[in-house]
Amino acid sequence: QVQLVESGGGLGQAGGSLRLSCAGSGRTFASRTMGWFRQAPGKERTFVAAIAAISWSGPATRYADSVKGRFTISRDNAKNTVHLQMNSLKPEDTALYYCAVQVSALGLGVEPGKYDYWGQGTQVTVSS
């Protein structure tokens, strides 16, 4: 049974940092794109960041414009995990953050429909 479990959410201050982690089990995701999405109350789930499988030049990454330069996605294939380092936090970063894995699709997907497995989410709240 495939499972993704997020951790590291909580309360942060504007300008501060938080680090999210997502541990996968049930299969290896080393060759699959992993991503982070977020959903604020009353809003749709939106793309945050994605990281491709490891390549000789390093894994390709993709970010939403709203987090570019502030958030960094990374992965540890040996531990089947993906991380999201969030710096310079803003109140508008407040949301439920989900990690996800692409199995069927290729590339760095930005649409939730391209991801096959999802975690249960971890809440991030940023105070001003």
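Biologist: Which residue stands opposite Val-82 in E8?

Modeller: Cys-22 stands opposite Val-82. This is a predicted model, where local features need pLDDT of at least 70 and side-chain atom pairs count only at pLDDT 80 or more, while totals for chains, interfaces and linings use all residues. Residues are numbered from 1 along each chain as its sequence is written, and side-chain values use heavy atoms, with hydrogens and water left out.

Biologist: In what sense do E3 and E8 pair?

Modeller: E3 and E8 pair in the antiparallel sense, over 6 bridges. Two strands pair if DSSP finds at least two bridges between them. Strands themselves are DSSP runs (E, at least two residues), numbered from the N terminus, and helices are runs of H or I with at least four residues.

Biologist: What holds paired strands together in general?

Modeller: Strands of a sheet pair through backbone hydrogen bonds.

Biologist: How many bridges join E7 to E8?

Modeller: 6 bridges join E7 to E8, and the two run antiparallel. Thr-72 stands opposite Gln-85 in E8. E7 and E8 form a hairpin with 4 residues between them, and Asn-80 in the turn has a positive phi of about 55°.

Biologist: What is the strand order in that sheet?

Modeller: The open sheet has 4 strands in the order E1-E3-E8-E7, with antiparallel pairing. E1 (3-7) and E7 stand at the edges with a single partner strand each, so one side of each has no neighbour in the sheet.

Biologist: And which residue is opposite Val-5?

Modeller: Ala-23 in E3 is opposite Val-5. E1 and E3 run antiparallel and are joined by 5 bridges.

Biologist: New topic. Why is E8 called largely enclosed?

Modeller: 5 of the 6 residues of E8 are buried, so the rest of the structure largely encloses E8. Buried means under 20% relative accessible area, exposed over 50%, and partly exposed in between (1.4 Å probe, protein chains only).

Biologist: Which residues have the most contacts inside the largest nonpolar core?

Modeller: Trp-36, Leu-84, Met-86 and Tyr-97 do, in a core of 32 residues. A nonpolar core is a set of buried Ala, Val, Leu, Ile, Met, Phe, Trp, Tyr and Cys residues joined through side-chain atoms within 4.5 Å.

Biologist: What is Met-86 in contact with?

Modeller: Leaving aside neighbours within four places in sequence, the contacts of Met-86 (heavy atoms within 4.5 Å) include Leu-20, Phe-71, Tyr-97 and Val-124.

Biologist: Last one: how many helices and strands does the protein chain have?

Modeller: The protein chain has 0 helices and 11 strands.
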